[in-house]
Amino acid sequence: MPAPKSKPSTAAKPKAKATLESKLAKLGLRTDMDLVLHLPLRYEDETRITPIGEAGFMGGNAAQVEGVVTECDIQYRPRRQLVVTIADETGPLVMRFLNFYGSQVKQLAAGTRVRVRGEVRHGFFGAEMVHPTYKVVEEGAPLPTALTPVYPAGEGLSQAYLRKAIANALSRVDWRDTLSPDLLASLKLQAFEPSVKLLHNPPSDVDEHALLERSHPAWIRMKFDELLAQQLSLKRAQEARRAKGASALPVIGELSNAFLNALPFALTGAQQRVLEEIRSDLRESFPMQRLLQGDVGSGKTVVAALAAAQAIDSGYQAALMAPTEILAEQHFRKIAMWMEPLGVKVAWLTGSLKKKEKEASQALIESGEAHLVIGTHALIQEGVEFAKLGLVIVDEQHRFGVGQRLALRNKGLDAGAPQTVPHQLMMSATPIPRTLAMTYYADLEVSVIDELPPGRTPIVTRIIDQNRRDEVIERVHAAALEGRQVYWVCPLIEESEALQLQTATDTHATLSAALPDLRVGLVHGRMKPAEKQLVMDAFTRAEVHVLVATTVIEVGVDVPNASLMVIEHAERFGLSQLHQLRGRVGRGSAASICLLLYQSPLGQVAKQRLMTMRETTDGFEIARRDLEIRGPGEFLGARQSGQAMLRFADLETDQWLVEKARNLAQSLLQHDPATVEAHLARWLGGREEFLKV
């Protein structure tokens, strides 16, 4: 006699509930309001039944049919599958399940009435659906009166469970609107409760196109609320920063003036304008938080050096942190060349320094003898102590995470005045479109160098199939014989079977053999810094004609005699990277050319990128198109920056809403703190995830 089946333990239910709750938490769904604001991705129309005979003519489209099971069989050829035939008065339809449970065979026994939804295909035996959704129904069972929502879901969370959890949350939340009726009327917005309820349960006569396009008034309200929450949180971050103290750096003295006089060129109008903006910030007793952006070669480094000079004139130290050793070293060489003759001690600190050299640099920094410190992430390591840090400059700031930028800022905390932090200047050669800057950098002031130094020649860009490499090599040879230098950029160091890309080492060997009368150099990220620098120095002195490189030369390298750039497998690079690489040429008076070698066939996105590069050299236009192609999350490096991306608003189509939200945020913060608190509590649940440093 078999043992009786044991009943499931009552402890299993709470455990299962806890598991589901942890899965909801992974989606950020911890509270009822989180669930209420978990809005559908799309909708299914289950409000009508299509006769099976008509559905047979809807190949490739989804339909909902109802019929009675006439056959239910497990078949084994060509593979094990459950095949169920249903029929109504207009004809039969086959349901095919490649994965199924034994219980389904009993559930779909002949004579059972089922309502089935799925994509109709034309199979060998007529109309069929593969893995449709279905439910057993009684004859005459009522149809839903609203469209059925389909929610973003994680692993182990069924649509049925999400729908039930959201329906329960909808019955429990506080529906009081965070915006007054007068505000809603002036902004021409719908009320919150009807907007949310419509999006979860749209009536069958709703404008389905407006729902899917997210242009329905209910969606507009959600987008506006989300943008308003983001603007409020960022502006509060700005207020919190202003509440902190910073040492005023008001002196533009001997060093600043001598530095300007010693420069072999005059600042452009744009450089002078942004320098005045920075100087004005540094005079304040609250910390500057300014983003300095400018196209490749616009002269951001000299502006940053003049900001550092103001800090030093005022009796403080300045630190400049760059993401790569090659860029940090480029800054060090250039700025030390400008400043050391004026009596400024510039210290150099990177991870690759020998222990003795590192300790010597740290001693100079701690004693205050080093007025300016330039380096990589090594600046934020334990053991690096500043005597009197007044200004932090972060180059290519989007490459550093929030924690890293905060760690450098905290190096300037004064034990005697813990609320005092250094001023911070962040630089980026990836221009950020205005709407994006307004949305994601609302807590920063933004300065733009929108003018290139005079004498720069425009760069001509050509797109060339990889099959024409021999012609390209001939062109490289001709350019070198005319006294010009050439960059040849490759995306990988070692062979990758997955991508089959031409590698830097192979290309170096190929070009060395093909151009025996030229000197071909090689730099890549795996070389020791000293080896890399030897090659770079030889290239700068024009002793190397062709430099084969990986993307280590993407930023900061300045060789005016280089006027030809070849980028291998250009389709593998992002737009911003291609633009940065191209910016290594066109720095002298000679006409410059960038050749983009690509491997056929090209995907749609790669084609868009390469066409953009051919059509424009304007960094802001390239950034705008890059945003279109990639969306804000990838454009800003969301994972790295720690910024929560917008879920509902679209920065391309909803710019008008960004302006409205920004203006209202300013007004609410000044006049209505209660509304600010209520709105942030609803949308961020106390987790102000948008705050940045």
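Predicted model: local features only at pLDDT ≥ 70, side-chain atom pairs only at ≥ 80, totals over all residues.
Residues are numbered from 1 along each chain as its sequence is written, and side-chain values use heavy atoms, with hydrogens and water left out.

Let's start with confidence. The pLDDT, which is the predictor's confidence in each residue on a scale from 0 to 100, averages 84 over the protein chain, and 86% of the residues score at least 70. Residues 638–644 fall below 50, and this stretch has 19 contacts in the model beyond near neighbours in sequence; a contact means heavy atoms within 4.5 Å. Residues 689–693 are also below 50, with 21 contacts beyond near neighbours in sequence.

Now for the overall picture. The protein chain holds 25 helices and 22 strands. These are DSSP runs numbered from the N terminus, with helices (H or I) of at least four residues and strands (E) of at least two. Of the chain's 693 residues, 51% count as buried; buried means under 20% relative accessible area, exposed means over 50%, and partly exposed lies in between (1.4 Å probe, protein chains only). Look at contacts with a separation of 6 or more, and you'll find that 75% of them come from residues 24 or more positions apart.

What sits in the middle of all this? Nonpolar side chains tend to be buried together in soluble globular proteins. A nonpolar core here is a set of buried Ala, Val, Leu, Ile, Met, Phe, Trp, Tyr and Cys residues joined through side-chain atoms within 4.5 Å. The largest one has 63 residues, and the members touching the most others are Phe259, Met339, Leu372, Leu391 and Leu425. Helix H12 (residues 300–313) supplies the largest share of this core, 10 residues. Apart from it lies another core of 53 residues, among them Tyr151, Leu657, Val658 and Leu669.

Zoom in on Leu425: leaving aside neighbours within four places in sequence, its contacts include Ile278, Met288, Ala304, Leu391 and Val394. With 0% relative accessibility, Ala319 counts as buried. Beyond its neighbours within four places in sequence, Ala319 is in contact with Leu372, Val373, Phe386, Leu389, Leu391, Val392 and Ile393. Ala319 and Val394 are 75 residues apart in sequence, with 8.4 Å between their C-alpha atoms.

Next, head to strand S4 (residues 91–97). Six of its seven residues are buried, so S4 is largely enclosed by the rest of the structure. Strand S3 (residues 81–88) runs antiparallel to S4, and seven bridges join the two; strands pair if DSSP finds at least two bridges between them. A hairpin of two residues links S3 to S4, and Asp88 stands opposite Gly91 in S4. S4 also runs parallel to strand S7 (residues 126–130), joined by three bridges, and here Val94 stands opposite Glu128 in S7.

Most residues other than glycine have a negative phi, and most peptide bonds are trans. The bond from Arg77 to Pro78 is cis, with omega near 0°, and Pro78 lies in the loop between strand S2 (62–75) and S3. Ser600 and Pro601 are also joined by a cis peptide bond, with omega about -10°. His569, not a glycine, has a positive phi near 50°, and it is buried, with a relative accessible area of 3%.
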